[in-house]
Amino acid sequence: MAEQLVELNVTGMHCNNCAMSIHKLLEKKGLKDIMVDFAGEEVKFSGGSPDDLPVIIKDIEGLGFKVVDDPALQVTPFYDKIENKFLFSAILTAPLLLHMVLPWHFLHNPVVQMLICLPVFILGCVHFGKSAFNSIKAGIPNMDVLIFVGSSAAFIYSLVGTVENMGERYQFYETCATIITLVLLGNVLEKRSVSQTTSAVKDLVKIQQVNANLVINGGIEVISARDVRPGDTLLVNEGDKVPVDGEVLSGNASVNESMLTGESIPVEKEKYNKVIGGTIVEQGNIRMIATKVGSNTVLAQIIELMKKAQAAKPPVQKLGDKVAAIFVPAVILIAIITFILTFYAGHEGMRISLMNAVAVLVISCPCAMGLATPTAVMVGLGRAAKNGILIKGGDTIEAVSHAKYVVFDKTGTLTTGKFSINNIKAEGGADIEQIRGIITAIEERSNHPIAKSLVKGLEALPKTKLILKSVKEEKGLGMRAEDIDGNHYFLGTGKSGIEGEFNLTLYKNQKLLALIAVDDEIKPEAANLIAQLKKMNIIPVLLSGDKHSRCLKVAQQIGIDEVHSEKLPDEKLVVIDIYRQKGKTIMIGDGINDAPALTKADVGVSMNDSSQVAIQSARVVLLNTDLNSVVKFLQISRHTLITIKQNLFWAFAYNVVAIPIAALGFLNPMVGAFAMAFSDVVVIGNSLRLKRKRL
């Protein structure tokens with residue numbers, strides 16, 4: 001269970017209060033990456049050991065919730081659905097409110113009012129009381145404590161007035177019923193709204209749930225994508241979703257990969273091309289072989305990344321958490337002080353004193369603080385994902401928003417990574433066809449952009465074939481290889497002092513065989529990106545292992561002033577460290593040699609066609625290799641943080657203003673209950689604006 005994200009399906013959560021109770025319980029146990037989604041009935045966390053899991057489940061169930069294997073198989077009883085609870089209480093609350101305007105004398109009878117209110121009060125006691133009791137037992141009193149105390153005080157006071165026959169001045173059953181009804185309405189709205197903020201992951205999960213046409217014994221068998229095994233042959237027809245990752249065996253198709261890259265133009269696929277599960281065949285038909293299935297597919301890894309990202313808290317949330325932790329006891333204390341001062345100092349009598357105290361209890365809303373950050377983060381991450389930007393943590397958003405430097409690798413990041421061989425200069429009478437054969441054999445084993453381009457460039461030229469026994473890639477230097485005859489080769493840059501146009505060397509048994517000159521193109525959008533970064537007051541920096549003259553040439557063409565060239569991986573770390581001391585630093589790279597620097601930077605950003613090591617080292621993966629997505633990523637991060645701050649400001653300001661108004665007696669408890677429910681909706685609504693907000 002160490003560092004692995006554990007997912008539990010937990011039923012019985014009705015609102016953010018329930019989520020906060022579970023969150024605090026897991027936090028006390030020292031678990032990390034905690035994410036509780038009450039709308040999706042999911043609890044996620046990492047840390048601990050496998051032996052702790054049964055105890056964790058038992059403690060969650062001790063709070064009054066239920067951990068189940070599959071929530072789809074769990075049928076929520078009719079009476080336990082939050083919507084039905086709200087409808088039941090609303091139907092009974094209506095006549096209690098109407099008695100104030102309608103001349104129906106039987107509704108003015110205290111006993112009739114008590115009998116109508118009693119079922120609503122019992123429902124409130126069971127619903128809020130259970131949550132309140134469990135939260136106090138866990139040492140984390142939640143908002144339901146306030147609702148339970150407030151509604152109970154109103155009911156008991158009215159009941160005493162009815163039994164003692166004290167008259168209408170002591171009857172406010174409608175207050176008790178309305179508080180419960182309005183808070184239940186708030187729960188309903190909250191659950192529906194929050195489910196919209198988590199839609200990004202749910203949409204991706206839906207993409208996974210498709211059927212596959214399995215080619216077996218010359219026929220076609222339709223099976224679930226979950227049942228596909230590596231090596232299976234599948235038929236994908238026009239309009240179908242590609243069920244799993246694989247390679248095309250035959251046929252041609254135009255495939256829409258926008259769910260992965262955000263790029264709407266279809267990509268042409270033919271034999272030997274890779275296809276990704278979840279993408280859509282818009283035109284044509286293909287036969288494919290499944291290579292990656294289940295949790296190994298690109299889509300499954302994206303979903304896993306999204307889930308982990310939602311669990312990582314931005315530092316800005318810690319303020320909200322601290323306040324929420326002491327909020328409920330503080331509000332109860334304010335309510336008691338309000339009652340004492342109004343009754344004894346203000347001489348207002350029991351009725352008004354109690355009403356003011358109840359108003360304080362029901363208007364205060366720690367829920368808004370709890371929802372302020374996670375709802376904004378979820379919408380922000382979802383919008384980024386739809387634009388082909390995978391952010392691995394909510395905490396990344398805050399670091400990005402304060403970025404002062406963006407450090408770029410050159411090859412494959414600012415340049416296309418499509419290299420052409422300008423010249424090969426054979427040394428010591430070496431045969432050119434033999435040199436081409438050695439280069440091809442070695443570079444076929446590498447993922448580096450230069451390697452891919454060299455292989456492609458030499459594809460059509462005559463060469464002597466070579467069989468290699470082993471090939472090893474050395475970060476920032478090049479490739480070492482050994483053939484079946486025991487000859488040792490080195491192809492790369494190192495720091496061999498090569499001059500002029502030549503930037504690669506080939507050695508055989510430590511003897512120079514050839515000098516190779518390669519060059520690549522600058523991405524067309526690179527200059528525009530640098531200009532936009534400067535407008536955002538971010539300083540662009542070029543950091544590369546390539547020769548100084550080449551780095552300087554690229555930097556001058558696109559407008560970068562700060563250049564660090566000829567740096568090995570360990571030297572890149574030193575440069576990143578220097579910038580980090582001056583301000584928040586983002587590193588954007590793609591190769592194995594960039595992996596340490598990506599990890600060292602405040603935020604590492606990797607391109608999708610990067611090496612697997614670079615993708616794992618980065619905290620952000622750009623699925624679309626277009627550099628414009630860097631600006632989109634920065635804008636989404638900034639606007640997400642702005643939304644979080646707006647939400648927290650509203651949550652704090654609402655409580656700071658509302659509680660004194662209620663304490664001074666300017667607020668009816670029924671209006672207070674409505675305002676409390678409304679404050680949650682405001683926070684969630686503001687977060688949902690991020691989905692369509694112009695950046």
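Figure 1. The structure is a predicted model, in which local features need pLDDT of at least 70 and side-chain atom pairs count only at pLDDT 80 or more, while totals for chains, interfaces and linings use all residues. Residues are numbered from 1 along each chain as its sequence is written, and side-chain values use heavy atoms, with hydrogens and water left out. Zero disulfides are present in the structure, a disulfide being a pair of cysteine sulfur atoms within 2.5 Å. C117 takes part in no disulfide, and its nearest cysteine sulfur, that of C176, lies 3.9 Å away.

**Figure 2. The chain as a whole.** The chain contains 23 helices and 24 strands, assigned as DSSP runs (helices H or I, at least four residues; strands E, at least two) and numbered from the N terminus. Of its 695 residues, 53% are buried. Its accessible surface amounts to about 30700 Å², with 57% belonging to carbon and sulfur atoms; areas follow the Shrake-Rupley method with a 1.4 Å probe. Among contacts between residues at least 6 apart in sequence, 69% link residues at least 24 apart, where contact denotes heavy atoms within 4.5 Å.

**Figure 3. Helix α11 and its cover.** Helix α11 spans residues 349-363, and its first and last C-alpha atoms are 22 Å apart, close to the 21 Å expected for 15 residues at 1.5 Å a residue; the expected span is 1.5 Å times one less than the number of residues. The helix is mostly covered, with eleven of its 15 residues buried. Among these buried residues are S353, M355, N356 and I363.

**Figure 4. Helix α5 and the residue that follows.** The 21 residues of α5 (residues 143-163) should span 30 Å at 1.5 Å a residue, which agrees with the 30 Å between its end C-alpha atoms. After α5 comes N165, with a positive phi near 55 degrees.

**Figure 5. Packing of helices α17 and α22.** The axes of α17 (residues 526-535) and α22 (residues 628-663) lie 9 Å apart and form an angle of about 25 degrees. The contact involves N528, L529, Q532 and L533 of α17, together with N628, V630, V631 and L634 of α22. The two helices are therefore roughly parallel to each other, a description for angles under 35 degrees. Axes are lines fitted to C-alpha atoms over the stretch in contact, and angles run from 0 to 180 degrees between N-to-C directions.

**Figure 6. Loop residues with positive phi.** Most residues other than glycine have a negative phi. Q510, which is not a glycine, has a positive phi of about 65 degrees. Q510 is placed in the loop between β18 (504-508) and β19 (511-522) and counts as exposed, at 79% relative accessibility. E566, also a residue other than glycine, has a positive phi near 55 degrees. The loop that holds E566 runs between β21 (562-564) and α19 (569-582), and E566 is partly exposed, at 36% relative accessibility.

**Figure 7. Surroundings of G64.** G64 occupies the loop between α2 (53-62) and β4 (66-68) and is partly exposed, with a relative accessible area of 27%. The C-alpha atoms of G64 and S131 are separated by 7.2 Å, although the two residues are 67 residues apart along the chain. Apart from its neighbours within four places in sequence, G64 is in contact with K130 and N134.

Definitions and conventions:
Buried < 20%, exposed > 50% of the residue type's maximum accessible area, 1.4 Å probe, protein only. Parallel < 35°, antiparallel > 145°, perpendicular 65-115°, else oblique.
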